Amino acid sequence: MGAISRKQPLYDQLVDILRDKIANELKPNDQLPSERELTERYGLSRTTVRLALQELESLGLVYRRHGKGTFVAAQDTQATNLTQTYSFTDQMRRMGRVPKTTILEFQPIEANKYLAMRMNMHIGDKLFRMKRLRAADGIPMMLERTYLPMRNFMALTRDQLEHAALYEIIERDYHEKIRVAEEEFFASIARPEDAHHLGIKEGAPVLDLVRTTYSDHNDVIEFTLSVARADQFKYKISHYRS
């Protein structure tokens, strides 16, 4: 790595040095030196080093894994086209990565006021609630909280969800034809529980996504709230002029 001079702020210099190393020497998922190593190597304070690493994380150049360290983020992440049907598993496989879905929760609940409003249901109607962690190559990528109207999927089991994709189950096993999935997304910061599951620090940048899926009868058959790591996901929308 380069040397620190006294002609520009130390924090800016370390960011520049690390960006150069990431661009020219390191590969995606390579580990950076620890905060202590960087502190000793450049004679900087721990605070200066920590701020520089936080800046690199906010730029999407690195990601943190609790208890493991700081790693180089992939910059060739394929953007997800929100105008097409989206499958996490299919996208990861196209990128040459190994996808994995872990079901953290699966249980029946009653719709509260918010869910009833979003899903065109009544307060107290029965829902299935599931929480799934999506990972690629062992790296946590996205945390999803999905709600399904129980009346449409009475026989749904956790075992089914562990062996097939959700949309495949919806269409193949329950004969619900998906007409459209509307998705909203916005920038946010990681809340404590989400950060723990995603292996990032609390307050790290994330994308919050809200997806509502409709059947060909215009019934809401899925409502999902997702939190995606901002250093791992890119989204694009194609606008066509009519």
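## Helix α2 against helix α3

The axes of helix α2, which spans residues 35-42, and helix α3 cross at roughly 120 degrees and come within 9 Å of each other. In this model, which is a predicted one, α2 and α3 are therefore oblique to each other, and the crossing in which α2 passes α3 is right-handed.

On the α2 side the contact is made by Glu35, Arg36, Leu38 and Thr39, and on the α3 side by Arg46, Val49, Arg50 and Leu53. By class, this contact of α2 with α3 has 4 charged residues, 3 nonpolar residues and 1 polar residue.

## Helix α1 against helix α3

Helix α3, residues 46-58, also packs with helix α1, residues 10-24, at an angle of about 50 degrees and with the two axes 9 Å apart. The two helices α1 and α3 are therefore oblique to each other, and their crossing is right-handed.

From α1 the residues that make the contact are Leu10, Tyr11, Leu14, Val15, Leu18 and Arg19, while α3 contributes Thr48, Val49, Leu51, Ala52, Leu53, Glu55 and Leu56. Divided by class, the residues of the contact of α1 with α3 are 10 nonpolar, 2 charged and 1 polar. Val49 and Leu53 of α3 take part in this contact with α1, and Val49 and Leu53 also take part in the contact with α2.

## The chain as a whole

The protein chain holds 8 helices and 10 strands, and buried residues make up 47% of its 242 residues. Among contacts in the chain with a separation of 6 or more, 58% are accounted for by residues 24 or more positions apart. The accessible surface of the chain comes to about 13,300 Å², and carbon and sulfur atoms hold 49% of that surface.

Serine 215 lies in strand β8, which covers residues 205-215. Its relative accessible area is 0%, so serine 215 is buried. Once neighbours within four places in sequence are left aside, serine 215 is in contact with Glu176, Lys177, Ile178, Arg179 and Ile221.

Tyrosine 167 has its place in helix α7, residues 166-173. With neighbours within four places in sequence again left aside, the contacts of tyrosine 167 are with Ile178, Ala181, Arg211, Thr213 and Glu222.

## Two asparagines with positive phi

Asparagine 29 is found in the loop between α1 and α2, and although this residue is not a glycine, asparagine 29 has a positive phi of about 75 degrees. The relative accessible area of asparagine 29 is 35%, so this residue is partly exposed.

Asparagine 218 is found in the loop between β8 and β9, the latter being residues 220-229. Asparagine 218, also not a glycine, has a positive phi of about 70 degrees.

Definitions and conventions: Residues are numbered from 1 along each chain as its sequence is written. This is a predicted model: local features need pLDDT of at least 70, side-chain atom pairs count only at pLDDT 80 or more; totals for chains, interfaces and linings use all residues. Side-chain values use heavy atoms; hydrogens and water are left out. Helices (H or I, at least four residues) and strands (E, at least two) are DSSP runs, numbered from the N terminus. Buried means under 20% relative accessible area, exposed over 50%, partly exposed in between (1.4 Å probe, protein chains only). Contact means heavy atoms within 4.5 Å. Accessible areas come from the Shrake-Rupley method with a 1.4 Å probe; for residues, only the protein chains shown count as cover. Axes are lines fitted to C-alpha atoms, for helices over the stretch in contact, and angles run from 0 to 180 degrees between N-to-C directions. Angles under 35 degrees count as roughly parallel, over 145 as roughly antiparallel, 65 to 115 as roughly perpendicular and the rest as oblique. A crossing is left-handed if the near helix is turned anticlockwise from the far one by less than a right angle, and right-handed if clockwise. Ala, Val, Leu, Ile, Met, Phe, Trp, Tyr, Cys and Pro count as nonpolar, Asp, Glu, Lys and Arg as charged, and the others, Gly among them, as polar.
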